[in-house]
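Take a look at it, then try each task before reading its solution.

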Amino acid sequence: MEDNKPFEFRGVHHLALVCRDMARTVDFYTNVLGMRLVKTIELPVGMGQHFFFDCGGGDTLAFFWFPEAPDGIPGISAPAARPDQGDLTSAVGSMNHVAFTVAPEMIDQYRDRLLAAGVACTDVANHDDSEFGISDTLHPGVFVRSVYFQDPDGILLEFACWTRALWEGDVAHEPAPAVERIDV
């Protein structure tokens, strides 16, 4: 561990989301995305289930199923739609999307596989530092390429790949402070 770091992070152990139908979730993440189900838990006193999927790199994606879970509210608990179809905004404290690292040379092929499996998705996006953050072409300023899609519960997912090394100049913006709101 470096002397100036209080914690030694080794990645993301798991990200826990909530699904409406665990059977449908298992089908999508195993049969469509090819993730291996690695741990299943029945929660005590009929509270539900907690299942874990291997999403690569020693990391897992987990889902809770609660029989009485309230419905999510698009645009509040998660984005209302994919970025190419609507507003990407979600509420403070919400989970906006999950991005899985994929090999750069596979991004186009993975998009084709999603489409072949009946999963609607965006075109491959070339993220750069231009005004709107997306380029029609792959050029040296593109730092990430990605494809967005949604799982059966509408959770926004992304396949993403770095296209170049990041450097000091990539941290060029001051963090924005909270915006004061006036309640009417």
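Predicted model: local features only at pLDDT ≥ 70, side-chain atom pairs only at ≥ 80, totals over all residues.

**Exercise 1. Work out which strands stand at the edges of the four-stranded open sheet.**

Solution. Begin with the order of the strands, which is S1-S4-S3-S2, with mixed pairing. Strand S1 (14-19) and strand S2 (36-42) each have a single partner strand, so one side of each is left without a neighbour in the sheet, and these two are the edges. On average, neighbouring strands here are turned by 20° against each other, direction ignored.

**Exercise 2. Describe how S1 pairs with S4.**

Solution. S4 covers residues 60-65, and its pairing with S1 is parallel, over six bridges. To see one example, find Val18, whose bridge partner in S4 is Phe64.

**Exercise 3. Find the helix that packs on this sheet, and explain why its buried residues line one face.**

Solution. The helix is H1 (residues 22-32), which touches S1, S2, strand S3 (49-54) and S4. Its direction makes about 0° with that of S3. Next, pick out the buried residues of H1: Met22, Thr25, Val26, Phe28 and Tyr29. Seen down the axis of H1, they fall within an arc of 165°, so they line one face of the helix. Their cover includes S1, S2, S3, S4, S8 and S9. On the face turned away from the buried side, look for the exposed residues Ala23 and Asn31.

**Exercise 4. Inspect what sits at the two ends of H1.**

Solution. Just after the helix comes Gly34, with a positive phi of about 80°.

**Exercise 5. Decide where the buried residues of H2 lie around its axis, and what they pack against.**

Solution. In H2 (residues 107-116), Ile107, Arg111 and Leu114 are buried. They cover an arc of only 60° around the axis, which puts them on the same side of H2. Their packing partners are strand S8 (144-150) and strand S9 (156-162). After H2 comes Gly118, whose phi is positive, near 85°.

**Exercise 6. Which element gives the most residues to the largest nonpolar core?**

Solution. This core has 26 residues, and those touching the most other members include Tyr29, Leu114 and Phe149. Among the elements giving two or more residues are S1, H1, H2 and S9. H1 gives the most, with four residues. For a closer look, follow Phe149: its contacts include Phe28, Leu33, Leu114 and Phe159.

How values were computed: Residues numbered from 1 in each chain as written. Heavy atoms only, no water. Pairing = 2+ DSSP bridges. Axes fitted to C-alpha atoms, helices over the stretch in contact; angles between N-to-C directions. Contact = heavy atoms within 4.5 Å. Buried < 20%, exposed > 50% of the residue type's maximum accessible area, 1.4 Å probe, protein only. Arc of directions from axis to C-beta. Core = buried A, V, L, I, M, F, W, Y, C linked by side-chain atoms within 4.5 Å. Polar contact = N/O pair within 3.5 Å; in protein donor to acceptor, adjacent residues only side chain to side chain. Lists of a residue's contacts leave out its neighbours within four places in sequence.
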